[in-house]
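User: I'd like to go through this model with you, a few questions at a time. Can we start with a loop residue and then move on to the helices?

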Amino acid sequence: MSQTPPAANSPLANAHAQLAAAVDHLGYDAGLHAHLQTPRREAHVAVPLRTDSGDLKLFRGYRVQHNISRGPAKGGLRYSPDVDIDEVRALAMWMTWKCAVVDIPYGGAKGGVDIDPGEHSQRELERVTRRYTSELMPLLGPNTDIMAPDMGTDEQTMAWVMDTYSVAVGHTTPAVVTGKPIAVGGSLGRAEATSAGVVQATEAALRERGEKIVGKTIAIQGFGKVGAHAADIFAAKGARVVAVSDVHGGVRAEGGLDVARLLLHVAATGTVVGFDGGDPCSNTEILALDVDVLVPAAKENVLDEVTAATVRAPLVVEGANGPTTTAGDAILTRNGITVVPDILANAGGVVVSYFEWVQATQYFWWTAAEVAQRLEQRMVTAFGAVAELAQRDGLTLREAANVIAVKRVAEAHQLRGLYP
Ligand code: NAD
């Protein structure tokens, strides 16, 4: 199966380059490389919407199951006007490696609809979600493909997906999605899991250098589900969150932002801009601040060959998926900056999604403390394995994480063999 090569510097081109480096390190042949790179299944669906004012609008929807050799396809659903098939393919591939590097029994998938959720009412978003879900019914299921929130979607979106699926099959199926509200079978600790994992990955990387989180200065780009919870957890651990930003702009305060008050400001206004506890700061400036830790937690490709050269933080922890381009990555490495890669740094979300799925499958829910303790154990174990391989083979953390993940997936391919 041949695919048009991805656009240069696109997330998919970056994902392909990362895979090629891992395949090269592992010495796999071209056939296995192609097998590992090519998505297993893809669905393209039309998503028509009758708006509240009676107009008919049409959106494009996608679901890519990149790999299902280690278990059911698992991955988020993104609502963003920029979504296209190649972005979804890249995100699905990263999900495969992410699940493998933290050793959970899932393959990788991703979904997307090219809709701007900010432009639509809740009623319209509900109709879009239900139509998209119903178009994908043959692919979805608790043992086949399990969605979760991503950019532009949230636990309410997951409740609609779960309800649409459940009505169609005739019984309530909480395990068909993760990241759903607690009241319909969600897990304690899921909402903040990605961010908790980002902070744990940061602490693990600091420990490698004999340093602690207390007093460290942090800049976070993106103040959504990942960035906002991360700011809160960093502050609770005694770090100083000195700058944050969202799509509208940023705010900085050298002495540290009052995160609790900032969260109230965002709840009231929908943006960090205009917060009176700091000075304005642009999205480009935030990447170049003289801080101990930079956390890109917004979107892909923000650290490219231009912006990566401006980074002064010695440690970058990727809360977002694919925030660093291949060229940007080379510059960070050349400048001696440690990057904790996305597939490891933000894996806390899918780890607790896995816990949520286990709980929902058994109809038996754990305490918040159990979830938190098991999450930390997974993150610390995965980080330790990646750091050890990086040290042993002289690799970056990204290269080492990819090698571990790709090897686990390739092993599943080889053990299962080819059918027929
Ligand atoms: P979200 O929609 O809740 O928040 C996104 C944030 O990024 C918002 O504050 C938005 O204003 C900001 N943003 C968007 N475009 C921006 C731009 N051009 N410049 C600066 N800020 C911008 O999304 P999220 O769930 O927090 O996801 C953020 C990233 O983390 C994505 O890359 C996502 O794939 C990744 N991720 C999310 C999860 C999760 O559990 N939600 C898990 C793993 C990875």
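User: Leaving aside neighbours within four places in sequence, which residues is Thr325 in contact with?
Analyst: This is a predicted model, where local features need pLDDT of at least 70, side-chain atom pairs count only at pLDDT 80 or more, and totals for chains, interfaces and linings use all residues. Numbering runs from 1 along each chain as its sequence is written, and side-chain values use heavy atoms, with hydrogens and water left out. Thr325 sits in the loop between β11 (315–317) and α10 (326–334); helices (H or I, at least four residues) and strands (E, at least two) are DSSP runs, numbered from the N terminus. Taking contact as heavy atoms within 4.5 Å, the partners of Thr325 beyond those neighbours are Asn14, Asn301, Leu303, Asp304 and Glu305.

User: Is Thr325 buried or exposed?
Analyst: Buried means under 20% relative accessible area, exposed over 50%, and partly exposed in between (1.4 Å probe, protein chains only). Thr325 has 4% relative accessibility, so it counts as buried.

User: How do α1 and α14 lie relative to each other?
Analyst: The axes (lines fitted to C-alpha atoms, for helices over the stretch in contact, with angles from 0 to 180 degrees between N-to-C directions) of α1 (residues 11–26) and α14 (residues 397–416) come within 9 Å and cross at roughly 70 degrees. The contact includes Leu19 and Ala22 of α1 along with Val403 and Val406 of α14. Angles under 35 degrees count as roughly parallel, over 145 as roughly antiparallel, 65 to 115 as roughly perpendicular and the rest as oblique. The two helices, α1 and α14, are therefore roughly perpendicular.

User: Which residues have the most contacts inside the largest nonpolar core?
Analyst: A nonpolar core is a set of buried Ala, Val, Leu, Ile, Met, Phe, Trp, Tyr and Cys residues joined through side-chain atoms within 4.5 Å. The largest one has 87 residues. Those with the most contacts inside it are Leu36, Trp97, Ile220, Phe234 and Val340.

User: Which peptide bond is cis, with omega near 5 degrees?
Analyst: Most peptide bonds are trans. For this one, look in the segment after α14, where Pro420 is placed. The cis bond runs from Tyr419 to Pro420.

User: What is phi of Asn9 near?
Analyst: Asn9 is in the segment before α1, and at 46% relative accessibility it counts as partly exposed. Its phi is positive, in a residue other than glycine, and is near 65 degrees.
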